[in-house]
Amino acid sequence: MSRQSAIEAITRYFDGGRFQTDLADLVAYPSESQNPDAAPELRRYLVEAMLPRLERLGFTCELFDNPVPGGGPFLVGERHEGDGLPTVLTYGHGDVIRAQHGMWREGLEPFKLVEEGDRLYGRGSADNKGQHLINLAALEAVIETRGSLGFNTRIVLEMSEETGSPGLHAFFAAHKDRLAADVLIASDGPRLQPETPTMFMGSRGGLTFDLTVDLREGAHHSGNWGGLLADPAMILAQALSTITDARGQIRIPEWRPDSLTDQVRAALRPLPLEGGDGPDIDLDWGEESLTPAERVYGWNSFAILAMKSGVPEAPVNAISASARATCQLRFVVGTDTGEMLPALRRHLDAHGFGKVQIESHERGSFAATRLDPDHPWVDYVRASLEQSAGKPPHVLPNLAGSLPNDAFADVLGLPTIWIPHSYRACSQHAPNEHVLKPVCRDALRLMAGLFWDIGEGGTPGT
């Protein structure tokens, strides 16, 4: 009965093929939360795939309907070993984005796990079925080795993360006592580099909105009306060009954060961004005075997600009646969320673009969070990961992307630590989603070691 025994047990689980088999079973559920027709699959995933596994682990579980109509259900489980023991809350989401049938390359399909070399392909393999499977399997290995965890565990599984986690905050507020814990330790998102463990303590927020120019009814012949009618696409393009300069540096003062402290800079300084299978970084893009790591983890970024005017797939000789761009601001802690759209309105008006309208998305906003990089739980988890990996993990103050961390940090009041088990080029919101087998094997060993350590005692606050 030792830490190494638990790590060896989880290694046998992977090397013997059981992880791949278990992941294949989970991927087979077509749990697309963005597809209303797949709503029954959301509950089926919890009832058939998760509930039996958790009950075998000694969890007492209960399913809950979402307080928001149309939102997916929740599963809450608890394994209680002692009143004087620390409690770890963990989390996962079993819903996936749309399958994108017919868009995967030959030989692949969304809801069938396909193994090719070091890759396991399938929708949800990276986001997030593979990740919460790794954590559950690590808990199993510790229980198998020690006979107990040595700490209390609570788990939340949601089925609407890919539609913005509707109802999650209200559900947490209503069940705050039931979800009380000392720390959140969960997994989502990518490692900074595949070969090195990563941990992050929050996430950038996001605000999605449309900018529209709607001038008239119908399009009009460009030969008869060109030079006489204002072109909404041109107006919109020029308005967009005022939001950043030519290298993407934000020009709206209220969108430029003041929270890039010396402490955050120090945490970001050693982080490499090169490597992996992703595209090369454009070093001449973004805030010129910042390093690439500071730009993506410590600063705000503006992106145009989509634009449309006329009929792009079949252009005609006509001046369009309207133009639309869907935009997004990714922001860090320290950005005044209440001022984002009012500041944009003032900016557009000041530049003569009163005709450009701003339309916020109903579920297009999520908050930014960040735990102090010097928090005791950060030090504790970092030391455990380093012991298992034989090298220091990459420690990010916050993820560059977004996830519902504010529900845990702000509603439940927990220190939050995320240990991702994927990598940046995993295509998690695209065709050909996959995980890397070496990352999964390494992650299983890391989490078994971490859960073993927590059960040994000496955690922060005890």
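In which loop is Ser 165 found? Select Ser 165 and you land in the loop between strand E6 (152-158) and helix H5 (168-174). Helices (H or I, at least four residues) and strands (E, at least two) are DSSP runs, numbered from the N terminus.

Before going on, some housekeeping. This is a predicted model, where local features need pLDDT of at least 70 and side-chain atom pairs count only at pLDDT 80 or more, while totals for chains, interfaces and linings use all residues. Residues are numbered from 1 along each chain as its sequence is written, and side-chain values use heavy atoms, with hydrogens and water left out.

Stay on Ser 165 and check its backbone: phi is near 55°, a positive value in a residue other than glycine. Most residues other than glycine have a negative phi, and most peptide bonds are trans. Ser 165 counts as buried, at 6% relative accessibility; buried means under 20% relative accessible area, exposed over 50%, and partly exposed in between (1.4 Å probe, protein chains only).

Next, select Gln 100, in the loop between strand E3 (87-93) and strand E4 (114-116). Gln 100 also has a positive phi, about 60°, without being a glycine. Is Gln 100 buried or partly exposed? Its relative accessible area is 23%, so Gln 100 is partly exposed.

Now select Asn 128, in the loop between strand E5 (119-121) and helix H4 (129-146). Look at the peptide bond from Asp 127 to Asn 128: that bond is cis, with omega near 10°.

Move on to E3, where seven of seven residues are buried. Thr 87, Leu 89, Tyr 91 and His 93 point one way, while Val 88, Thr 90 and Gly 92 point the other way.

E3 and E6 pair in the parallel sense over seven bridges (two strands pair if DSSP finds at least two bridges between them). Tyr 91 has Val 156 of E6 as its bridge partner.

Finally, zoom out. The protein has 13 helices and 21 strands, and its C-alpha atoms fill a box of roughly 85 × 50 × 45 Å along the principal axes. Of the 462 residues, 53% are buried.
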